[in-house]
Amino acid sequence: MTLHPEADGLVRSFAEQVRPVADLTAFWVAGSLASGDYRPGVSDLDLVALAAAPLDDGQRGAVTALHEGLVRTDPRAAKLHCDYLPATEAADVSAAHVRWAHGELYRHPLSGIARAELLRFGITLWGPVPGEVLPPVGDADLAAAVRGELTGYWADAVRKPHLWLQDVYVDVGLFTLARAQATLHDGRLVTKTEAMPRLAALGVDPDVVAEMAQRRQGATVDLSTGQRLRRARHVRRVMTAGIADLTRESP
């Protein structure tokens with residue numbers, strides 16, 4: 001299957017370069033690149049590499065060097081995020097494994113939401129497909145994972161006012177809320193594009209929605225300090241109310 005032309009060559013080249021370095025047995029494309037919602041220069045490149053075993057110190061060093069080298073030669077690689085999931089831990093949704101994102105290597109579990117996306121629309125470049133490796137994620141499991149993300153990471157984030165001065169928290173937070181609503185109300189995993197029309201019903205100010213739409217197209221939106229402060233207060237209120245509403249529906 002052909003990926004978005006702006007990312008296809010980079011992703012396939014990386015997949016082949018990292019294959020022997022990390023002793024990989026499968027390589028999967030996830031996120032917007034798999035769902036068809038990829039925006040060049042805006043979207044991250046979300047990838048999952050299935051490793052035969054947990055990466056050792058030497059492999060972690062080699063993987064770091066590979067990622068850093070790619071960024072120096074191809075700026076697009078700065079948005080390349082890759083989970084190195086050991087086959088021995090593939091059934092454990094809580095197990096933390098090595099992940100490369102935002103210019104560093106750290107440990108992080110492959111969430112129930114990420115697993116559901118892989119199982120439903122992930123793309124396999126080589127090796128077994130996700131369904132042959134990952135256990136099923138049923139509707140109840142997915143709903144629990146969505147509620148857990150809202151009451152965990154995002155509930156904690158709304159208690160930190162300074163975070164919401166940043167565009168990235170505004171955009172990712174509100175899209176997460178809208179996508180969570182789609183999953184919990186309709187049982188669907190939706191893209192950011194599909195989630196955009198839901199923002200108004202969640203109480204998001206039209207000007208904030210317009211900003212988000214511009215950034216999705218790669219535009220820069222300049223705001224004064226005062227505008228950022230007002231936006232932060234508004235978005236935190238929306239997030240707080242939305243999290244409370246969606247998690248209140250838990251059986």
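User: In this predicted model, which residue caps the N-terminal end of α3?

Analyst: Asp56 caps that end of α3, with a side-chain oxygen lying 3.1 Å from the backbone nitrogen of Gly58.

User: What span should helix α3 have, and how far apart are its end C-alpha atoms?

Analyst: At 1.5 Å a residue, the 17 residues of α3 (residues 57-73) should span 24 Å, and the end C-alpha atoms are 25 Å apart, which agrees.

User: How do I read the direction in which residues of a helix point, and which residues of α3 are buried?

Analyst: An α-helix has 3.6 residues a turn, so residues three or four places apart point the same way. In α3 the buried residues are Gln59, Val63, Thr64, Leu66, His67, Gly69 and Leu70. These buried residues pack against the helix α1 (8-22) and against the strands β3 (80-86), β4 (96-101) and β5 (104-109).

User: In what order do the strands of the sheet lie?

Analyst: The open sheet is formed by 6 strands in the order β5-β4-β3-β2-β1-β6, and their pairing is mixed. Its edge strands are β5 and β6 (123-126), each of which pairs on one side only, while neighbouring strands are turned by 25° against each other on average, direction ignored. Within the sheet, β3 and β4 pair in the antiparallel sense over 3 bridges, and the bridge partner of Asp83 in β4 is Arg99. Helix α1 lies across β1 (24-29), β2 (45-51), β3 and β6, and runs at about 155° to β1.

User: Where does Val93 lie, and why does Val93 count as partly exposed?

Analyst: Val93 lies in the loop between β3 and β4, and counts as partly exposed because its relative accessibility is 42%. Leaving aside residues up to four places away in sequence, Val93 touches Pro109, Leu110, Ser111, Gly112 and Arg115.

User: How is a pair of aromatic rings described, and how many such pairs does the structure hold?

Analyst: A pair of aromatic rings is described by the distance of the centres and the angle of the planes. The structure holds 6 aromatic pairs. In one of them, the rings of Trp154 and Trp164 have their centres 6.0 Å apart and their planes at 50°, so the pair is tilted. This pair links Trp154 in helix α5 (residues 139-157) with Trp164 in the loop between α5 and α6 (167-186), 10 residues apart. For Trp164 and Tyr169 the ring centres are 5.8 Å apart and the planes stand at 65°, so that pair is edge-to-face.

User: Are these residues buried or exposed?

Analyst: Trp154 and Trp164 are buried, and Tyr169 is buried as well. Together with Tyr153, the residues Trp154, Trp164 and Tyr169 form one aromatic cluster.

Terms used. Residues numbered from 1 in each chain as written. Predicted model: local features only at pLDDT ≥ 70, side-chain atom pairs only at ≥ 80, totals over all residues. Heavy atoms only, no water. Helix = DSSP H or I, 4+ residues; strand = E, 2+ residues; numbered from the N terminus. Expected span 1.5 Å × (residues − 1). Buried < 20%, exposed > 50% of the residue type's maximum accessible area, 1.4 Å probe, protein only. Contact = heavy atoms within 4.5 Å. Polar contact = N/O pair within 3.5 Å; in protein donor to acceptor, adjacent residues only side chain to side chain. Pairing = 2+ DSSP bridges. Axes fitted to C-alpha atoms, helices over the stretch in contact; angles between N-to-C directions. Phe/Tyr/Trp six-rings, centres within 6.5 Å; stacked < 30°, edge-to-face > 60°.
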